[in-house]
Amino acid sequence: MSEKKTEETKTPAKVVEADAAVRKAAVTPDDHGSHGHAAAGHGHAAAGHHAPNRAQYWRIFFVLLVLTILEVGVAYLQHYVGKTALVSCLVGMAVTKAAIVAFFYMHLNHESKVMRWSVAIPLMFPALYAFILIAEGTYRAVWGLKGLGL
Amino acid sequence: MSAAATDHDHALVYPEEPLYSRITAGKLAMWMFLLSDGFSFSGLLLSYGILRGSSKLWGCTTEALVSKFGCIEEPALGINFTALLTFLLICSSVTMVMSHASMVEGDRKGALKWLGLTVAGGLLFLVGQCWEYWGLFGLFGPHHGLIHEGLKFGATHYATTFYCVTGFHGLHVLTGVIYLSAVWIGTAMGKTDANTLEVAGLFWHFVDLVWILVFTFIYLIPN
């Protein structure tokens with residue numbers, strides 16, 4: 001909390017100066033040879049806000065792998081499980097996987113709240129429309145056209 | 001001259017923006033492009049959903065359906081093989097993020113290694129998709145491809161939507177492979193930075209993300 005306040009009270013010029021100092025410290029001898037792009041091009045990592053977490057990347061990979069195996073397994077249960085449950089389960093797992101990729105691999109977890117919502121809100125509309133379509137399709141499949149009064 | 005400019009000729013320091021933090025212009029532009037591309041895929045998948053939901057017959061894939069509807073038999077879409085393609089794209093996503101991580105840590109060689117693996121994953125995916133469509137002239141087993149087996153573009157909604165959605169995604173994979181190859185060359189020549197890799201990675205992860213949805217909607221959801 002106090003850290004946040006200190007950040008907020010810094011003037012833009014001071015932030016830039018502090019950032020430049022951190023960058024300078026983070027540049028390795030090898031980086032100097034290649035104009036220090038690796039560290040310099042990535043202010044967040046150099047400033048300690050966005051350090052790569054390799055262990056987390058591998059954990060996410062295994063989660064995605066397990067979810068994919070589960071998806072395939074669920075798809076083969078089509079003769080034993082109701083269609084509504086099956087479709088809900090498959091769509092739920094797909095959306096979870098997509099969200100995990102966007103959040104961790106596309107680094108939305110490191111972006112500001114406004115940036116995250118700027119991406120999420122526009123995509124909610126086609127998702128909502130898809131939900132309505134799937135719900136209607138499932139309703140038709142279960143109750144037939146008579147259920148809709150047609 | 002700003003402090004950043006005096007610190008290093010090539011180091012652009014992005015000021016802390018109150019709403020969007022320190023996001024670079026390139027990254028923001030890529031996100032805007034990905035959103036518009038996401039709407040394109042949404043349109044394709046939604047029209048696929050509408051056509052499938054309103055169709056009495058979706059894929060004349062069994063003899064029972066042929067005798068009942070008098071339709072021409074079409075092949076069913078294979079789940080196991082496309083699950084393998086999904087696995088490939090997930091692998092290429094983790095190698096992409098590792099490439100970026102290596103670059104952030106200043107390990108250019110490591111970044112090149114992981115990026116090369118990502119490109120290889122994309123190429124394998126494309127070979128897999130060609131095999132699915134055309135069977136690659138029997139090079140990899142007795143499978144002759146969906147086209148040869150009767151899944152003809154324009155013949156039914158089932159066939160046309162399949163080729164439109166998976167073909168459009170395949171073009172994205174091809175674009176990604178070309179884009180990442182260019183970034184690989186740039187990285188080998190020392191002309192890229194971690195931000196370049198992150199922006200390229202955004203495109204690649206998006207391709208993976210879209211495939212996750214395509215795989216579910218086209219291949220996994222049963223009739």
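Me: Which residues touch the most other members of the largest nonpolar core?
Reply: This is a predicted model, and its largest nonpolar core holds 84 residues. Helices that each supply at least two residues of this core include α6, α7 (83-105) and α8 (113-143) of chain A, together with α2 (25-54) and α4 (79-104) of chain B. The members that touch the most others are Tyr105(A), Met106(A), Trp31(B), Leu77(B), Leu151(B), Phe162(B) and Ile218(B).

Me: Where does the largest share of this core come from?
Reply: In chain B, the helices that each supply at least two core residues are α2, α4, α5 (108-134), α6 (157-188) and α7 (194-220). The largest share, 19 residues, comes from α7(B).

Me: Which residues does Trp31(B) touch, not counting residues up to four places away in sequence?
Reply: Trp31(B) is one of the residues that touch the most other members of the largest nonpolar core. In chain B it touches Ile23(B) and Leu202(B). In chain A, Trp31(B) touches Met106(A), Leu108(A), Met115(A) and Val119(A).

Me: Which residues line the largest cavity?
Reply: The count comes to 1 cavity of 30 Å³ or more, and about 40 Å³ of space lies in the largest cavity. By class, its lining has 6 nonpolar, 4 polar and 1 charged residues. The lining residues are Tyr105(A), Met106(A) and His107(A) from chain A, with Met96(B), Val97(B), His100(B), Leu197(B), Glu198(B), Gly201(B), Leu202(B) and His205(B) from chain B.

Me: Which helix gives the largest share of the lining of the largest cavity?
Reply: Within chain B, α4 and α7 each supply at least two residues of the lining. The largest share, 5 residues, comes from α7(B).

Me: Is His107(A) buried or exposed?
Reply: His107(A), which is among the lining residues of the largest cavity, is found in the loop between α7 and α8 of chain A. Although it is not a glycine, His107(A) has a positive phi of about 60 degrees. Because its relative accessibility is 2%, against a limit of under 20%, His107(A) counts as buried.

Me: Is Thr82(B) buried or exposed?
Reply: Thr82(B) is found in helix α4 of chain B, and, leaving aside neighbours within four places in sequence, is in contact with Glu132(B), Trp211(B), Phe215(B) and Tyr219(B). Since the relative accessible area of Thr82(B) is 0%, this residue is buried.

Me: Which residues is Leu123(A) in contact with, leaving aside its neighbours within four places in sequence?
Reply: Leu123(A) is found in helix α8 of chain A, where, at 34% relative accessibility, Leu123(A) counts as partly exposed. Leaving aside those sequence neighbours, the residues in contact with Leu123(A) are Leu35(B) and Phe39(B).

Me: What percentage of the residues in chain A is buried?
Reply: Among contacts in chain A between residues at least 6 apart in sequence, 44% join residues at least 24 apart. Of the 150 residues in chain A, the buried ones make up 37%.

Technical notes:
Residues are numbered from 1 along each chain as its sequence is written. Chains are lettered from A and ligands numbered from 1 in the order in which they are written. This is a predicted model: local features need pLDDT of at least 70, side-chain atom pairs count only at pLDDT 80 or more; totals for chains, interfaces and linings use all residues. Side-chain values use heavy atoms; hydrogens and water are left out. A nonpolar core is a set of buried Ala, Val, Leu, Ile, Met, Phe, Trp, Tyr and Cys residues joined through side-chain atoms within 4.5 Å. Buried means under 20% relative accessible area, exposed over 50%, partly exposed in between (1.4 Å probe, protein chains only). Helices (H or I, at least four residues) and strands (E, at least two) are DSSP runs, numbered from the N terminus. Contact means heavy atoms within 4.5 Å. On a 1 Å grid over the protein atoms alone, a cavity is a set of points where a 1.4 Å probe fits but cannot get out, and a pocket is an open set with protein on both sides within 12 Å along at least five of seven lines; lining residues have an atom within 4 Å of a point. Grid points are joined across faces, edges and corners, and a volume is the space filled by probe spheres set on the points. Ala, Val, Leu, Ile, Met, Phe, Trp, Tyr, Cys and Pro count as nonpolar, Asp, Glu, Lys and Arg as charged, and the others, Gly among them, as polar.
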